[in-house]
Amino acid sequence: MKTLEEVLEILQDRIDRQTLEDYIARQWLRPVSHTSGWYFEEIDIARLELVCHLTQDINVNEEGMDVVLSLLDQLYGLRAHMQKLNHAIAQQPSQVQTDIMMVIEQKTKAEETS
């Protein structure tokens with residue numbers, strides 16, 4: 001984990017303290033809060049780099065950023081859910097796995113023809 005100061009040093013050419021604190025207030029970033037300050041995990045720093053890229057390089061406005069980050073959070077949540085589902089399916093007997101794949105294929109074919 002990195003402190004707010006360490007993050008500012010890492011991204012010194014991209015962001016200042018006021019902007020970083022604004023991003024936290026908007027909940028675009030959710031670092032861990034302790035009595036001694038904010039602490040950022042690697043995922044927080046990656047998200048901050050993405051926010052900087054979208055706001056500074058692509059000029060996504062505040063409302064757009066809220067939408068983009070909400071959609072990304074949903075996507076990551078779905079990916080995590082799919083990984084759990086895949087793990088659960090992998091724990092089933094091979095015939096159950098085959099049956100599941102057949103249902104998926106039938107559903108896919110039905111959607112393609114409609």
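Asp44 has its place in helix H3. Keep in mind as you look around that this is a predicted model.

What does Asp44 touch? Leaving aside neighbours within four places in sequence, Asp44 is in contact with Leu29, Arg30, Pro31 and Tyr39. Asp44 is buried, yet it has no salt bridge. Arg47 carries the nearest side chain of opposite charge, 6.7 Å away, and a salt bridge would need the charged atoms to be within 4 Å. A polar atom of the Asp44 side chain does lie 2.8 Å from the backbone nitrogen of Glu41.

Now turn to Leu20, which is found in helix H2 (residues 17–25). Is Leu20 buried or exposed? Leu20 counts as buried because its relative accessibility is 0%. Not counting residues up to four places away in sequence, Leu20 touches Leu4, Val7, Leu8, Ile15, Leu29, Phe40 and Leu48. Leu4 sits 16 residues from Leu20 along the chain.

Helix H4 covers residues 62–90, which is 29 residues. From first C-alpha to last, H4 reaches 42 Å, close to the 42 Å expected at 1.5 Å a residue. Met65, Leu69 and Leu72 are buried in H4. An α-helix has 3.6 residues a turn, so residues three or four places apart point the same way. Helix H3 (42–57) is included in what covers the buried residues of H4. At its N-terminal end, H4 is capped by Asn61.

| From | To | Distance |
|---|---|---|
| Asp44 side-chain polar atom | Glu41 backbone nitrogen | 2.8 Å |
| Asn61 side-chain oxygen | Glu63 backbone nitrogen | 3.3 Å |
| Leu20 C-alpha | Leu4 C-alpha | 8.6 Å |

Notes. Residues numbered from 1 in each chain as written. Predicted model: local features only at pLDDT ≥ 70, side-chain atom pairs only at ≥ 80, totals over all residues. Heavy atoms only, no water. Helix = DSSP H or I, 4+ residues; strand = E, 2+ residues; numbered from the N terminus. Expected span 1.5 Å × (residues − 1). Buried < 20%, exposed > 50% of the residue type's maximum accessible area, 1.4 Å probe, protein only. Contact = heavy atoms within 4.5 Å. Polar contact = N/O pair within 3.5 Å; in protein donor to acceptor, adjacent residues only side chain to side chain. Lys, Arg positive; Asp, Glu negative; His and termini not counted.
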